[in-house]
Amino acid sequence: MTASTTRHTTAARTRLAAVGSLAVAGALLLSACGDQTEGGSSSESSTSAGSAPLFSKLPADIQKAGVIKVGTNAEYAPMESVEGGKIVGVDPDIAAALGKQLGVEFQFTSGGFDTLITAVNTGRYDIAMSSITDNKQRQEGLDDSGKKLGEGVDFVDYFTAGTAIYVQKGNPKGIKSMDDLCGQTVAVQRGTTYEEALQTQSKKCTEDGKKALKIESFENDTEAQTRVKSGGAVAGVNDYPVAVDMASKAGGGNTFEVLDQQYEAAPFGIVVDKKNTQLRDALKEAVDAIIKDGSYQKVLEKWGAESGAIKAAAINSGS
């Protein structure tokens, strides 16, 4: 999830935006076998393959199957989550709009976030779509020291977001910025780019003569939120639209609050195997098409995620 908030102030980083070498390492080293979890979803399209304007752009095997298999981690509302046994959110709805342009269904399966890139490289999924930040490490399959860990992937960028800090309602510790986290316990989902952002901030703290952060990493974002709610961590970090959605819903809006400042906007991308350039290019055309016809904006408005809108799709625009 990374993950990837188009507009705002730039100061440090984001789950979507941070560089994410740990996420790269996890995604490229962990096996993707056996990571399927609850929930499933198929995007619904009333457009037949014959009338879909971009159907002919797809690879022949996907045309024949009529399906694009999508890996996701459906624990990240409003981007992707499970409701009533179905995966819903911004990403599934964008996929449904893309399906109308391409004349195929997007079938979502939820699994571990840090296995999604590997699962695309091994062919288990055609793509991954899960608020995954596009950055150079993931494109090139490198860790933070520049060591080659795997093949890398291509990204079709469709959204942008920044990192937000969330705290208990009322902000009892008076956290106002990243610098206020020095010497504090902070909760984060493992395998996300903002886990590295916290490590970078911790190093900055010690260089400034302050205490390092105590970073507690959890398997999923729900566990990180629970840690903040209980007071075991003074704050958590998350993608801005996710943090805002969570704060508005948890405890009827009385459990968390989100700091105003966002850190470093960066793109979310659809992950595609580097060898599958035809699929990559078809997806880019489809993203541009739904931006042009207005269906993209309608999806973002439905989920309150308009701040992440982009004007045009891009390939590998992350840094």
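This is a predicted model: local features need pLDDT of at least 70, side-chain atom pairs count only at pLDDT 80 or more; totals for chains, interfaces and linings use all residues.
Biologist: How many salt bridges does the count come to?

Modeller: The rule for a salt bridge asks for a side-chain nitrogen of Lys or Arg within 4 Å of a carboxyl oxygen of Asp or Glu. Among the residues concerned, Asp154, Lys274, Arg280 and Asp281 are linked in a network of salt bridges. By this rule, the number of salt bridges is 14.

Biologist: Which strand holds the partner of arginine 227?

Modeller: Arginine 227 and glutamate 216 meet through their side chains in a salt bridge, with 2.6 Å from N to O. Helices (H or I, at least four residues) and strands (E, at least two) are DSSP runs, numbered from the N terminus. Arginine 227 belongs to helix H7 (residues 221-230), so the pair ties together parts that are 11 residues apart in sequence, with glutamate 216 in strand S10 (residues 214-218).

Biologist: Is glutamate 216 buried or exposed?

Modeller: Buried means under 20% relative accessible area, exposed means over 50%, and partly exposed is in between, using a 1.4 Å probe and protein chains only. Arginine 227, at a relative accessible area of 30%, is partly exposed. Glutamate 216 has a relative accessible area of 14% and is therefore buried.

Biologist: How many residues apart are phenylalanine 159 and phenylalanine 268?

Modeller: Rings of Phe, Tyr and Trp (its six-membered ring) pair if their centres lie within 6.5 Å, and planes under 30 degrees apart count as stacked, over 60 as edge-to-face and the rest as tilted. The structure holds 2 aromatic pairs, one of which is the stacked pair of phenylalanine 159 and phenylalanine 268, at 5.5 Å centre to centre with 15° between the planes. This pair links distant parts of the chain, with phenylalanine 159 in strand S8 (residues 153-168) and phenylalanine 268 in strand S13 (residues 263-273), the separation being 109 residues.

Biologist: Which strand holds phenylalanine 256, the partner of tyrosine 166?

Modeller: Both tyrosine 166 and phenylalanine 256 are buried. Tyrosine 166 and phenylalanine 256 form an edge-to-face aromatic pair, 5.3 Å centre to centre with 85° between the planes. Tyrosine 166 lies in strand S8, so the pair ties together parts that are 90 residues apart in sequence, phenylalanine 256 being in strand S12 (residues 256-258).

Biologist: What is the handedness of the disulfide of cysteine 182 and cysteine 205?

Modeller: A search of the whole structure, taking a disulfide as a pair of cysteine sulfur atoms within 2.5 Å, finds 1 disulfide. This disulfide joins cysteine 182 to cysteine 205, with 1.9 Å from S to S. The torsion about their S-S bond is about -80°, so the disulfide of cysteine 182 and cysteine 205 is left-handed.

Technical notes: Residues are numbered from 1 along each chain as its sequence is written. Side-chain values use heavy atoms; hydrogens and water are left out.
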